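Could you walk me through this protein in plain words? I'm new to it and would like the overall picture before the details.

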Amino acid sequence: RNTKVHYNVAKLLSESGDDNDLAVAHYREAVRLHSTYDQAWNNLGNLLKDLGNAQEAEACLHKALAANPEFAAAWMNLGIVKAALNKPSEAERCYRAAIEHRRKYPDAYYNLGNLYIELKRVNDAAAAFSNATRLEA
């Protein structure tokens with residue numbers, strides 16, 4: 001019913017940084033009203049990640065992907081959360097899935113490169129960064 005209103009209010013609040021707690025509450029209401037609202041789950045996950053709640057962010061991003069398995073941005077965001085939770089192999093799979101669903105995705109390649117640097121996989125990192133810069137040109 002008012003799902004889109006809750007989503008839009010949450011988006012405005014989170015983008016302005018005015019009241020993140022209220023933004024979270026509005027996103028929660030949007031997904032309560034529409035449990036397969038992939039954009040709302042994705043944004044809620046990102047906001048929770050930014051607020052330091054990586055575990056709940058991970059669960060929200062899984063719900064976004066359950067609703068829309070081809071949602072490339074949610075795959076990339078889940079990769080970022082998995083990396084923050086020290087789950088590098090899962091993070092790599094997520095970044096690869098993001099790239100699979102959006103072939104020209106420099107941000108996903110960039111994050112993949114950073115993951116490879118952390119894993120001391122220098123050649124893989126160089127290839128990922130090369131793809132990122134080639135796609136940005």
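Here is a short tour, from the whole chain down to single residues.

## Ground rules

This is a predicted model, so to speak of local features a pLDDT of at least 70 is needed, side-chain atom pairs count only at pLDDT 80 or more, and totals for chains, interfaces and linings use all residues. Residues are numbered from 1 along each chain as its sequence is written, and side-chain values use heavy atoms, with hydrogens and water left out.

## The overall picture

The protein has 8 helices and 0 strands; helices (H or I, at least four residues) and strands (E, at least two) are DSSP runs, numbered from the N terminus. Reading from that end, the order is simply α-α-α-α-α-α-α-α. The radius of gyration is 16 Å, close to the 14 Å that the globule rule gives for 137 residues, so the protein is as compact as a globular protein of that length. That radius is taken over C-alpha atoms, and the rule is 2.2 Å times the number of residues to the power 0.38. Along its principal axes, the C-alpha trace spans about 50 × 25 × 25 Å.

Of the 137 residues, 42% count as buried. Buried means under 20% relative accessible area, exposed over 50%, and partly exposed in between (1.4 Å probe, protein chains only). Take the contacts (heavy atoms within 4.5 Å) between residues at least 6 apart in sequence: 40% of them join residues at least 24 apart.

## Surface and charge

The accessible surface comes to about 7600 Å², and 48% of it belongs to carbon and sulfur atoms. Such areas come from the Shrake-Rupley method with a 1.4 Å probe; for residues, only the protein chains shown count as cover.

The protein carries 17 positive and 17 negative charges, and their mean positions are 5 Å apart. Lys and Arg count as positive and Asp and Glu as negative, while His and the chain ends are not counted. Each charge is placed at NZ of Lys, CZ of Arg, CG of Asp or CD of Glu.

Helix α7 covers residues 106–118, and its 13 residues reach 19 Å from first C-alpha to last, close to the expected 18 Å. That expectation is 1.5 Å times one less than the number of residues. Its buried residues include Pro-106, Tyr-109, Leu-112 and Tyr-116.

After α7 comes Lys-120, in the loop between α7 and α8 (122–136). Lys-120 isn't a glycine, yet its phi is positive, about 60°. Lys-120 is exposed, with a relative accessible area of 70%. Asn-86 likewise has a positive phi of about 60° without being a glycine. Its loop lies between α5 (72–84) and α6 (88–101), and at 67% relative accessibility Asn-86 counts as exposed.

His-26 belongs to helix α2 (residues 20–33) and is buried at 18% relative accessible area. Leaving aside neighbours within four places in sequence, His-26 is in contact with His-6, Val-9, Ala-10 and Leu-13.

Asn-42, in helix α3 (residues 38–50), is buried at 4%. Counted the same way, its contacts include Leu-61, Phe-71 and Asn-77. Val-81, in helix α5, is buried with a relative accessible area of 0%. Among the residues Val-81 touches beyond four places in sequence are Lys-49, Glu-58 and Leu-61. Ala-54 sits 27 residues away along the chain, but its C-alpha and that of Val-81 are separated by 6.1 Å.
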